[in-house]
Amino acid sequence: HPIPVIAIDGPTASGKGTVAQRVAEQLGFHYLDSGALYRLTALSALRHEVPLNDEHALSKLAEKLPCRFTGDQVWLANENVTNAIRAEEVGNTASKIAALPYVRRALVGLQLGFRQAPGLVADGRDMGTVIFPNASLKVFLTASVEARAERRYKQLIGKGFAANMANLLKDLRERDERDSQRAVAPLKPAEGAHILETSRMTADEAVEQVLKWYAAVK
Ligand code: C5P
């Protein structure tokens, strides 16, 4: 494939979103936040009161998701949902419906469409394993659950959401369990992925490492 992809996968709140966005900026590449697509589907399901076990209805929602991305803003139909999709309830719901094979399948085409010149940085759980198996560079970005809970805490408070450390730790552990134990596209390092443990690393240091790895393969 002539259009390069950098796949960055990892658990919730590992900082991969920040790192992926900065790498994309540095290289002038497009950026795909695939988690946002699951969050948009979840928000849409919650709004339409679609039962979370109705896989058929949920996959229809995912297939016809009226979403748009402008810069770092996310839209569902004409509503700016940039902040709404970050709520913990939406994240938890996203993690539940992401276990449904037809929901995942319904979002494949949308994700592949982000591969546009001059290149793409894609962040998620299965970018290197399922969606872009021929990515130029695969990174598995992780951090301890404590480091991630702390980052998520600061992020939520910064955005004006309420946050509780004990609940965040519990939620992260549950979501890790769900994301890595599910039958379809479980969270795991892709074959050939570089592992980046960022518990004691700043975002800039992580960005630098990814850019070094990319310079070596491009
Ligand atoms: O990365 P983020 O926390 O925004 O993702 C929300 C949820 O969407 C995750 O908990 C995960 O279950 C799901 N997801 C996924 N595959 C992706 C991206 C996200 O299953 N590629």
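Two residues are in contact if their C-beta atoms, placed from the backbone, lie within 7 Å. By that criterion, and not counting residues up to four places away in sequence, Ile8 touches Lys16, Val19, Ala20, Val121, Ala122, Asp123, Met127, Val139 and Leu141.

The structure is a predicted model, in which local features need pLDDT of at least 70 and side-chain atom pairs count only at pLDDT 80 or more, while totals for chains, interfaces and linings use all residues. Residues are numbered from 1 along each chain as its sequence is written.

**Cores**

Ile8 belongs with Ile6, Ala7, Val121, Ala122 and Val139 to the residues that have the most contacts inside the largest nonpolar core, a set of 26 residues. Elements giving two or more residues to this core are β1 (5–9), α1 (16–27), β6 (120–124), α7 (127–131), β7 (137–142) and α10 (203–217). A second, separate core has 21 residues, among them Leu37, Ala45, Leu100 and Leu107. A nonpolar core here is a set of buried Ala, Val, Leu, Ile, Met, Phe, Trp, Tyr and Cys residues joined through C-beta atoms within 7 Å. A residue is buried if 20 or more other C-beta atoms lie within 10 Å of its own, exposed if 12 or fewer, and partly exposed in between, with C-beta atoms placed from the backbone. Helices (H or I, at least four residues) and strands (E, at least two) are DSSP runs, numbered from the N terminus. In soluble globular proteins, nonpolar side chains tend to be buried together.

**Annotated regions**

The unreviewed UniProt entry carries the annotation "domain: Cytidylate kinase" over residues 6–213. Over residues 6–213 the chain is 50% helix and 16% strand, with end C-alpha atoms 10 Å apart. The unreviewed entry also has a "binding site" annotation, which covers Gly10, Pro11, Thr12, Ala13, Ser14, Gly15, Lys16, Gly17 and Thr18. UniProt positions are given in the numbering used here, feature names are shortened, and annotations may be inferred rather than shown by experiment.

Two of the annotated residues can be described further. Thr12 lies in the loop between β1 and α1, and Ser14 is found in the loop between β1 and α1 as well. Leaving aside neighbours within four places in sequence, Thr12 is in contact with Arg148, Leu172, Arg175 and Asp176. With the same exclusion, Ser14 is in contact with Leu141, Thr142, Ala143, Arg148 and Thr198.

Ala20 is found in helix α1. Outside four places in sequence, Ala20 is in contact with Ile8, Tyr31, Val121 and Asp123. The C-alpha atoms of Ala20 and Asp171 are separated by 23 Å, with the two residues 151 residues apart along the chain.

| Residue | Other C-beta atoms within 10 Å | Class |
|---|---|---|
| Thr12 | 23 | buried |
| Ser14 | 28 | buried |
| Ala20 | 30 | buried |
| Glu49 | 6 | exposed |
| Ala185 | 17 | partly exposed |

Helix α2 (residues 34–47) has 14 residues and should span 20 Å at 1.5 Å a residue, which agrees with its end C-alpha atoms being 20 Å apart. The expected span is 1.5 Å times one less than the number of residues. Because 11 of its 14 residues are buried, α2 is largely enclosed by the rest of the structure. The buried residues of α2 include Leu37, Tyr38, Arg39 and Leu40.

α2 gives the most to the shell around the ligand, with four residues. Each of α2, α4 (88–97) and α9 (165–181) supplies at least two residues of that shell. Of the 14 residues around the ligand, Gly35, Tyr38, Ser95, Ala98 and Gly124 come nearest; a residue is near a molecule or strand if its C-beta atom, placed from the backbone, lies within 6 Å of it. By class, the shell has three nonpolar, six polar and five charged residues. Ala, Val, Leu, Ile, Met, Phe, Trp, Tyr, Cys and Pro count as nonpolar, Asp, Glu, Lys and Arg as charged, and the others, Gly among them, as polar.

**Backbone geometry**

Most residues other than glycine have a negative phi, and most peptide bonds are trans. Just after α2, Glu49 takes a positive phi of about 50 degrees; Glu49 is found in the loop between α2 and α3 (55–63). Ala185 has a positive phi near 45 degrees and its place is in the loop between α9 and β8 (194–197). The peptide bond from Ala117 to Pro118 is cis, with omega near 5 degrees, and Pro118 lies in the loop between α6 (108–112) and β6.
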